[in-house]
Amino acid sequence: MTFKPVPAAVPEVSLGDAFVTTRADAVVNWARRNSLWPFPFGTACCAIEFMGTVSSMFDLSRFGAELVRFSPRQADLLLIAGTVTYKQAPILRRIYDQMLEPKWVIAAGACATSGGFYDCYCTVPGIDEIIPVDIYIAGCPPRPEAFIEAVYQLQQKIGTESVAARKAVGA
Amino acid sequence: MAKVVARPDLSFWESVYFIEIFKGLATTLGHAVRNLARPEGFQTLDYPEEQPRLPRDYRSQHRLMKRPDGESRCVACYMCSTACPARCISIVAEESPDHHIEKRPAKFEIDLLLCVFCGYCVEACPCDAIRMDTGKAVIVGDSRAGFVIDKAKLLDWNPADYPAEDLRSQEAPGGSRNAEARAALKSGTHH
């Protein structure tokens, strides 16, 4: 293995080969993105597709996100799969508030992302009305591959985040 | 009359309980060993590297079919947006420069997040202008605005991506037989 020559002004060079230096962001983001613990907020048929995604055929554990937790305290990925009504919305908001930072949100399917064809008095037209959403998935319901793609894109997004900067809620 | 369901008593070895647990574990371990010995028999689809095989008529992202001159076949009749249960298609019509055609879409937008992929727009279209056979079923993004696809994107498809023996794709103008249709247009046999 060859290394690029490092300018002598870089202080790490004086440490010799005994140390591996990196940025805190790189280490923390590596750990965060490879062990997402999802909380499935499954209210409709998209949740059935998510069951397929974590099962052996598609095996979401290849991306480190198969450990489904049903307690918001233990999860850091909120996965909304299904229709969210106005009666359900405060519950969803509370679950989001109960999750510890850092936390991310994936909205799956037509209902969760935009309300779909429920253009009516009782359905939230997209859950980004009440909580911030990182990744949207189109489909009714989306295929399991789309869930995998969403987790993958979220991993890319986590990789660009900084540990020092606090995520602004509602941004 | 109530049906009596027989509840057989457990045998001695079954009631010992641990033996049955280990028999279950042996089944799981057997599958694990069998898979390790024969990795090609894995059920798992290695998704990003290995793509799923979708049938040709699988309803996925939309595309607009073209006339021989490259224009959209759409005549802005609003049949699809009327049939759409999710009201995800928004069309603005304008006058067509072709005297044989009354209207054409100035704007044709589909919000893929609203779309429920029912295929009613394809059924409703009288001109075979819209199809849902692109095979693009994984539609993921980080902003809602990015899911609205416009006319240019709907018309941006390559005939080579569709199988040559697929008559539905290739015989219609816009497919790989576009050149024949264009020749017919020039010779005046096309109407």
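Predicted model: local features only at pLDDT ≥ 70, side-chain atom pairs only at ≥ 80, totals over all residues.
Residues are numbered from 1 along each chain as its sequence is written, and chains are lettered from A in the order in which they are written. Local features need pLDDT of at least 70, side-chain atom pairs count only at pLDDT 80 or more, totals for chains, interfaces and linings use all residues, and side-chain values use heavy atoms, with hydrogens and water left out.

**Exercise 1. The layout of chain A**

Find how many helices and strands chain A has, and in what order they run.

Step 1. Chain A holds 5 helices and 4 strands. Both are DSSP runs numbered from the N terminus: helices are H or I with at least four residues, strands are E with at least two.

Step 2. Read from the N terminus, the order of elements in chain A is α-β-α-β-α-β-α-β-α.

Step 3. Now turn to burial: of the 171 residues in chain A, 43% are buried. Buried means under 20% relative accessible area, exposed means over 50%, and partly exposed is in between (1.4 Å probe, protein chains only).

Step 4. Contacts mean heavy atoms within 4.5 Å. Taking the contacts in chain A between residues at least 6 apart in sequence, 78% join residues at least 24 apart.

**Exercise 2. A nonpolar patch on chain B**

Work out which element of chain B gives the most to the nonpolar patch.

Step 1. The patch on the surface is formed by F12(B), W13(B), V16(B), Y17(B), F18(B), I19(B), I21(B), F22(B) and L25(B), with about 990 Å² of accessible area together. Patches are made of residues with over 30% relative accessible area and no salt bridge; like charges are joined within 9 Å, and nonpolar side chains (Val, Leu, Ile, Met, Phe, Trp, Tyr) within 5 Å. Accessible areas come from the Shrake-Rupley method with a 1.4 Å probe, and for residues only the protein chains shown count as cover.

Step 2. The elements that give two or more residues are α1 (12-15) and α2 (18-37) of chain B.

Step 3. The answer is α2(B), which gives 5 residues.

**Exercise 3. Where the chains meet**

Describe the interface between chain B and chain A, and find which residues of chain B lose the most area to chain A.

Step 1. Count the partners: 27 residues of chain B are in contact with 29 residues of chain A.

Step 2. The area buried between the chains is about 2,300 Å², of which carbon and sulfur atoms give 61%. Buried area is the accessible area (1.4 Å probe) that two parts lose on being put together, summed over both.

Step 3. In chain B, L113(B), V140(B) and R144(B) lose the most, together 26% of what that side buries.

Step 4. The interface has 3 salt bridges, a salt bridge being a side-chain nitrogen of Lys or Arg within 4 Å of a carboxyl oxygen of Asp or Glu. D128(A) forms a salt bridge with R144(B), the closest N and O atoms being 2.9 Å apart.

Step 5. T113(A), in helix α4 (residues 109-114) of chain A, is buried with a relative accessible area of 1%. Leaving out residues up to four places away in sequence, T113(A) touches residues including L113(B) and R144(B).
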